[in-house]
Amino acid sequence: MTSDTPARRRGRVFSRRRGAPSRVRRRLGAAARMLAALVLAGGVYTAFAPGAFAEDNVPLSAPAQEGKALYDTSCITCHGRDGQGVEGRGPSLIGVGSASVEFQVGTGRMPMTRQEAQAEQKPPQFDETQTKQLGQYVQELGGGPEVPEGPLVKDLESNPNALADGGELFRVNCTSCHGFGGGGGALSSGKFAPGLHDATAEQIYAAMLTGPQNMPVFGDNQLSPDEKKQIITYIQLQLQEDKDPGGLFNLGRYGPSTEGMAIFLVGITLLVFTSLWIAGKS
């Protein structure tokens, strides 16, 4: 067994001292590599992330140039230069797409007169052409969802199941807020789901794509374009034209539940009076 001499102890101390700088260098090297990796990841994201920022001096199409002129006179105060948004006034429009603009502006919800719990529908300040121009400008500015071209209502002759399938999709995805009859309903914090009786096919499709107010976004992964068109077919042909989602008397336009309740109450009342009349006669 070897003795732990002072010389050996001094040798171990000197060895530890010689090893200390190498550990420091390893830690500094690891930190430098981590910082370089973070900088590289950030650079790659900034270079390739779509629609993250609006580009300056983007060449605009003729409709978008008309839309920019409208934007600069009517929207820039709240949404800022190039749609970047203004804190406390209006959100950024980068990435919202033309669908959001066409819904909000086409229904008169924008421009807002003041900040409220919910932007209410009112007569639009821009005609259809101007609304399209504004939407095109925002689309070219930062991209986003667009309402597809072509008919949005299914032809029942070539798609005989579209009405039934659309009704099923509507009941599963929409009735919890808009009601079985499309009359709308109250939500929390002063907000509400609007009625669908006057909504156009384009407005309904745009709302499903963009999720305005408290409405969730129904992207193409949640509802395919064909399913969206089936829902629009049901809303327009059943709720807007037929105006009767179920039942005979159309009480409140909430479907057969109100009629069942009315029949139950009337029936029970008649039975009670009939029982009393029979008891009195006997």
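Lys132 counts as partly exposed, because its relative accessibility of 40% falls between the limits for buried (under 20% relative accessible area) and exposed (over 50%), as computed with a 1.4 Å probe and protein chains only. Lys132 forms a salt bridge with Glu102, and the closest N and O atoms of the two are 3.5 Å apart. That pair links distant parts of the chain, with Lys132 in helix H5 and Glu102 in helix H4 (residues 97-106), 30 residues apart. The model is predicted, so that local features need pLDDT of at least 70 and side-chain atom pairs count only at pLDDT 80 or more, whereas totals for chains, interfaces and linings use all residues. Residues are numbered from 1 along each chain as its sequence is written, and side-chain values use heavy atoms, with hydrogens and water left out.

**Overall fold**

- The protein chain has 10 helices and two strands, where helices (H or I, at least four residues) and strands (E, at least two) are DSSP runs numbered from the N terminus.
- Read from the N terminus on, the elements of the protein chain follow the order α-α-α-α-α-α-α-β-β-α-α-α.
- The protein chain has 282 residues, of which 31% count as buried.

**Salt bridges**

- A salt bridge is taken as a side-chain nitrogen of Lys or Arg within 4 Å of a carboxyl oxygen of Asp or Glu, and by this rule the count comes to five salt bridges.
- Asp226 forms a salt bridge with Lys154, with 2.1 Å between the closest N and O atoms; because Asp226 lies in helix H9 and Lys154 in the loop between H5 and H6, the pair ties together parts that are 72 residues apart in sequence.
- Within this second pair, Asp226 is partly exposed with a relative accessible area of 35%, whereas Lys154, at 17% relative accessibility, counts as buried.
- The side chains of Asp220 and Lys228 also meet in a salt bridge, at 3.0 Å from N to O; here Asp220 counts as partly exposed at 45% relative accessibility, and Lys228 counts as buried at 0%.

**Aromatic pairs**

- A search of the whole structure finds two aromatic pairs, the rule being that rings of Phe, Tyr and Trp (its six-membered ring) pair if their centres lie within 6.5 Å, with planes under 30 degrees apart counted as stacked, over 60 as edge-to-face and the rest as tilted.
- The rings of Tyr71 and Tyr137 make a tilted pair, because their planes stand at 50°, and their centres are 5.4 Å apart.
- This pair links distant parts of the chain, with Tyr71 in helix H2 (residues 62-74) and Tyr137 in helix H5 (residues 128-142), 66 residues apart.
- Tyr71 counts as buried at 2% relative accessibility, and Tyr137 is buried with a relative accessible area of 1%.
- The rings of Phe170 and Tyr234, with centres 5.5 Å apart and planes at 40°, are likewise tilted.
- Here too the pair links distant parts of the chain, since Phe170 is in helix H6 (residues 162-173) and Tyr234 in helix H9 (residues 225-242), 64 residues apart; both Phe170 and Tyr234 are buried.

**Surface patch**

- Met261, Phe264, Leu265, Ile268, Leu271, Val272, Phe273 and Leu276 form a nonpolar patch on the surface, which together has about 830 Å² of accessible area, computed by the Shrake-Rupley method with a 1.4 Å probe and only the protein chains shown as cover for residues.
- Patches are made of residues with over 30% relative accessible area and no salt bridge, like charges being joined within 9 Å and nonpolar side chains (Val, Leu, Ile, Met, Phe, Trp, Tyr) within 5 Å.

**Backbone features**

- Most residues other than glycine have a negative phi, and most peptide bonds are trans.
- The peptide bond from Met110 to Pro111 is cis, with omega near 0°, and Pro111 is found in the loop between H4 and H5.
- Asp82, a residue other than glycine, has a positive phi near 55°; Asp82 is placed in the loop between helix H3 (76-79) and H4 and counts as buried at 13% relative accessibility.
- Ser189 has a positive phi of about 60° although it is not a glycine; Ser189 is in the loop between strand E1 (185-186) and strand E2 (192-193) and is exposed, with a relative accessible area of 64%.
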